[in-house]
Amino acid sequence: EARAAITTAAARANPVVRVAPGIPSPYLLGLDLLFTWRRAGRRKVMVAQARDLSTAARYAVAATAWKVRSGLRTAYLNYFMALRQQELLGHEVELHSRQVQLLRARFKVGYVARTDVLGARQGLLASRVELRRAEGRIPGTRAALAGAIGIPVAALQGVKFSWSAFDHQPEPAAVSPQRIQHEAVLNRLDVRHALAQYQAAQAALQLEIARQHPNFTLGPGYQFEEKHSFFTLSLSGILPVFNRNQGPIAEAEARRKEAAARFLAAQSSAIAESEQALAQYQAAVAELQEARRSLAEVRNVQEPMVLQQVKFGESGQVFLNSVRLQGVAAVATQLVAMEHLQAALGQLEDAVQRPLETGEASPPDFKPEKPGKEMP
């Protein structure tokens with residue numbers, strides 16, 4: 001519709017044909033051909049205004065597209081996290097089951113108390129409940145993903161998903177404060193839409209100012225009167241005597257001021273949202289780094305040390321299994337931190353309305369280690 005308005009604004013005014021037959025006919029007849037002359041470059045200003053409104057409409061369409069993309073990313077992340085949580089909880093249930101078996105065997109020979117067995121069994125039951133809850137979230141997140149794409153759930157059957165985008169973080173240069181503020185000011189679609197609306201309001205004001213000078217109608221004429229022919233040349237226009245279009249000019253100026261205020265408000269809001277999203281992202285990065293350090297402590301220090309103790313008979317399989325359960329808990333903490341990071345990254349991308357480039361950093365290790373060969 002906005003593009004069609006450009007054609008309308010660029011169109012030239014059609015000439016007017018006026019026929020005035022007299023009475024009695026055919027003794028009296030008047031014929032005029034009138035052409036409208038627009039002054040002060042009014043047609044050029046009208047085309048510029050229509051183009052600005054067309055640009056604003058394109059930004060509105062792009063904003064809708066980005067909203068769809070943002071909703072799809074959120075649904076994709078939720079489905080990904082639901083699958084990872086199910087996988088992790090499944091391994092946790094295996095370790096808890098192993099722990100119950102080991103403690104039962106020790107209880108039979110009198111090495112541990114019954115309360116130790118009951119505590120391990122309680123942990124197993126809690127893990128099973130969490131696993132069932134995680135499994136129940138998968139159909140809902142899958143349906144939400146299909147809805148975000150705009151297809152039925154059955155269409156996702158057999159589809160292979162790629163999660164590589166969630167395993168990398170943006171390059172530091174892509175999320176620097178200067179880059180984020182630059183993108184928020186120059187790339188935000190609502191800011192560019194408001195700027196296009198302001199330019200259209202400016203063109204509307206120029207058009208009302210141009211209308212201070214009235215259009216003229218010029219054209220040749222022919223009159224036939226009782227067998228006599230007369231050729232005339234007419235010139236007509238509105239005389240700006242009682243007003244000089246002051247009212248419409250004042251209204252257009254007020255609308256331009258309103259458009260300027262909306263542009264400044266959109267710009268300020270974009271900067272504030274980008275700064276807040278960047279702060280949340282930086283906090284999520286720090287949280288993920290701390291979760292990775294905790295997991296590395298368990299895997300690279302505690303578990304190898306316990307394996308050595310089991311090898312030399314200083315510890316048993318129960319203690320080793322407990323350390324592995326701590327590793328699963330550390331992986332779960334890292335998974336939550338990764339979810340917070342990706343959610344914050346999505347908000348940061350929404351703040352600048354541009355996908356942020358991801359680097360080639362090594363992906364975080366979410367997969368829990370399988371128990372190795374048991375020591376006697």
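1. The lining of the largest pocket comprises 6 nonpolar, 2 polar and 3 charged residues (Ala, Val, Leu, Ile, Met, Phe, Trp, Tyr, Cys and Pro count as nonpolar; Asp, Glu, Lys and Arg as charged; the others, Gly among them, as polar). The pocket holds about 230 Å³ of space.

2. This is a predicted model, in which local features need pLDDT of at least 70 and side-chain atom pairs count only at pLDDT 80 or more, while totals for chains, interfaces and linings use all residues. Residues are numbered from 1 along each chain as its sequence is written, and side-chain values use heavy atoms, with hydrogens and water left out.

3. Among the lining residues are Gln49, Leu53, Arg255, Glu258 and Arg262. α5 (189-210) provides the largest share of the lining, 5 residues.

4. The largest nonpolar core has 39 residues, of which Tyr281, Leu341, Leu348 and Leu356 touch the most other members. Such a core is a set of buried Ala, Val, Leu, Ile, Met, Phe, Trp, Tyr and Cys residues joined through side-chain atoms within 4.5 Å; buried means under 20% relative accessible area with a 1.4 Å probe, protein chains only. α2 (42-108), α3 (114-149), α4 (177-186), α6 (246-311) and α7 (317-352) each supply at least two residues of this core, and α7 gives the most, with 13 residues.

5. Leu348 touches (heavy atoms within 4.5 Å) Val175, Ile180, Ser274, Ala277, Leu278, Tyr281 and Leu356, leaving aside residues up to four places away in sequence. A second, separate core of 12 residues includes Val100, Leu102, Leu131 and Val318.

Key. Buried means under 20% relative accessible area, exposed over 50%, partly exposed in between (1.4 Å probe, protein chains only). Helices (H or I, at least four residues) and strands (E, at least two) are DSSP runs, numbered from the N terminus. On a 1 Å grid over the protein atoms alone, a cavity is a set of points where a 1.4 Å probe fits but cannot get out, and a pocket is an open set with protein on both sides within 12 Å along at least five of seven lines; lining residues have an atom within 4 Å of a point. Grid points are joined across faces, edges and corners, and a volume is the space filled by probe spheres set on the points.
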